[in-house]
Amino acid sequence: MKKHNYSAGPCILPQEVFEKSAQAVLNFNQSGLSILEISHRSKDFVAVMEEARALALELLGLQGKGYQALFLQGGASLEFLMVPYNLMKVNGKAAYLDTGTWANSAIKEAKAFGETVVVASSKPENYNHIPKGYSIPSDADYFHCTSNNTIFGTQMKEFPSLDIPMVCDMSSDIFSRTLDFSQFDLIYAGAQKNMGPAGTTLVVVKEEILGKSGRTIPAMLDYKQHIDKESMYNTPAVFAVYTSLLTLQWLKNLGGIAAIEKINEAKANLLYTEIDRNPLFKGTAVPEFRSNMNATFLLNDEAHAPLFDSMWKEAGISGLPGHRSVGGYRASMYNALPIESVQVLVEVMKELEARS
């Protein structure tokens with residue numbers, strides 16, 4: 001039976017990426033060696049890293065605009081630390097928007113480096129919306145936001161126009177929708193949503209914002225060191241970077257971000273229409289801020305849960321339970337999830353209504 005993978009991450013990737021990466025595990029570039037055993041300094045892998053970095057900038061429309069792309073390790077969680085280490089000046093301050101669990105974690109790390117101003121928070125409403133109407137201190141060293149909130153199913157639909165650097169954690173919606181990415185001075189994203197397997201993190205940074213903190217930064221946490229060493233200051237996550245390259249190639253061949261955005265909108269519209277139509281279900285996020293990547297919803301009557309759970313499992317659906325912070329269900333519809341999988345879930349929801 002075909003599986004319909006709604007896992008929030010690590011998550012579904014394109015089938016052709018699985019096939020190509022699996023072949024590379026056995027024999028990479030007809031070298032007789034596995035991608036898992038070649039030197040990261042070999043000509044073959046250096047070419048992988050160079051293409052992955054260049055293709056990330058190309059897809060984001062940032063090539064030739066003063067940005068560098070890096071593939072680092074430690075996940076977005078390490079970036080929570082690296083961002084203030086590199087950008088918050090000694091005795092400086094930073095501004096943060098609190099829209100979910102991961103934004104809150106980033107705030108906690110920043111507080112270790114200096115004054116951290118939380119300009120707004122949706123925590124009192126269990127993060128069911130994105131705050132509006134907040135002001136950002138003009139003397140902050142940077143403003144940090146999280147574009148999409150996997151756990152709570154909300155997504156920023158617009159971003160402020162600023163005279164200070166803007167940093168964005170795009171872990172769960174990078175490469176999923178068209179934006180003017182040049183409005184951001186630093187973007188970071190764990191690979192395991194729309195880009196590759198767990199193990200590497202994409203960082204896209206405008207070089208001109210670096211080197212101004214006034215503090216000594218340990219080499220492994222210094223973006224400039226990683227740029228100077230062409231993202232190979234230490235041994236990179238070779239397989240994760242290679243698989244990310246395959247996924248970026250797949251996206252480019254599909255037509256890039258503009259093409260996948262149309263598909264993602266169709267998937268989200270299909271599911272949200274059913275959530276709103278079906279009297280057995282209700283969404284948890286305020287509709288204005290609903291995420292196209294992660295749809296969170298509940299049953300109006302938990303008595304239906306045993307039957308619904310058995311039905312979606314029988315249909316080959318996987319990864320649907322919601323995070324414990326929200327409960328209910330979470331359908332993660334990342335780039336590689338086909339619309340046919342969303343149709344299967346919608347049909348199960350309709351069948352539950354018919355049987356209730």
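Reader: Which residue forms a salt bridge with arginine 277?

Author: Arginine 277 forms a salt bridge with glutamate 274, and the closest N and O atoms are 2.8 Å apart. A salt bridge here is a side-chain nitrogen of Lys or Arg within 4 Å of a carboxyl oxygen of Asp or Glu. Please note that this is a predicted model, in which local features need pLDDT of at least 70 and side-chain atom pairs count only at pLDDT 80 or more, while totals for chains, interfaces and linings use all residues. Residues are numbered from 1 along each chain as its sequence is written, and side-chain values use heavy atoms, with hydrogens and water left out.

Reader: Where are arginine 277 and glutamate 274 in relation to each other?

Author: Both belong to helix α7 (residues 256–277); they are 3 residues apart, so about one helical turn separates them. Helices (H or I, at least four residues) and strands (E, at least two) are DSSP runs, numbered from the N terminus.

Reader: Is glutamate 274 buried or exposed?

Author: Glutamate 274 is buried, with a relative accessible area of 3%, whereas arginine 277 is partly exposed at 41%. Buried means under 20% relative accessible area, exposed means over 50%, and partly exposed lies in between (1.4 Å probe, protein chains only).

Reader: Which residues are linked with these in a network?

Author: The network of salt bridges joins Glu274, Arg277 and Glu353.

Reader: How many salt bridges does the structure hold?

Author: There are 8 salt bridges in the structure. Among them is the one between lysine 93 and aspartate 139, at 3.1 Å from N to O. This pair links distant parts of the chain, 46 residues apart: lysine 93 is in strand β3 and aspartate 139 in the loop between β4 and β5. Lysine 93 is buried at 17% relative accessible area, but aspartate 139 is exposed at 53%.

Reader: And which residue meets lysine 20?

Author: The side chain of lysine 20 meets that of glutamate 16 in a salt bridge of 3.8 Å, N to O. These residues are 4 apart in helix α1, so about one helical turn lies between them.

Reader: Let us change topic. How many aromatic pairs are there?

Author: A search of the whole structure finds 11 aromatic pairs. In one of them, the rings of phenylalanine 28 and tyrosine 242 have centres 5.1 Å apart and planes at 80°, so the pair is edge-to-face. Rings of Phe, Tyr and Trp (its six-membered ring) pair if their centres lie within 6.5 Å; planes under 30 degrees apart count as stacked, over 60 as edge-to-face and the rest as tilted.

Reader: Where do phenylalanine 28 and tyrosine 242 lie in the chain?

Author: They link distant parts of the chain, 214 residues apart: phenylalanine 28 is in the loop between α1 and α2 (43–60), and tyrosine 242 is in helix α6 (residues 238–254). Phenylalanine 28 and tyrosine 242 are both buried.

Reader: Which ring pairs form a cluster?

Author: Ring pairs link Phe281, Phe297, Phe308 and Tyr329 into a cluster.

Reader: Now the sheet, please. What is the order of the strands in the open sheet of 3 strands?

Author: The order is β11-β12-β14, and the pairing is antiparallel. Because β11 (281–283) and β14 (329–332) stand at the edges with a single partner strand each, one side of each has no neighbour in the sheet. Strands pair if DSSP finds at least two bridges between them. For β11 and β12 (residues 294–299), the antiparallel pairing runs over 3 bridges.

Reader: What stands opposite glycine 283?

Author: Phenylalanine 297 in β12 stands opposite glycine 283.

Reader: My last topic is the backbone. Which peptide bond is cis?

Author: The bond from glycine 9 to proline 10 is cis, with omega near -5°. Proline 10 lies in the loop between β1 (4–5) and α1 (15–26). Most residues other than glycine have a negative phi, and most peptide bonds are trans.

Reader: What is the phi of tyrosine 127?

Author: Phi of tyrosine 127 is near 55°, a positive value in a residue that is not glycine. Tyrosine 127 is in the loop between β4 (115–121) and β5 (143–146), and it is buried at 5% relative accessibility. Asparagine 91 also has a positive phi, of about 65°, but asparagine 91 is exposed at 77%.
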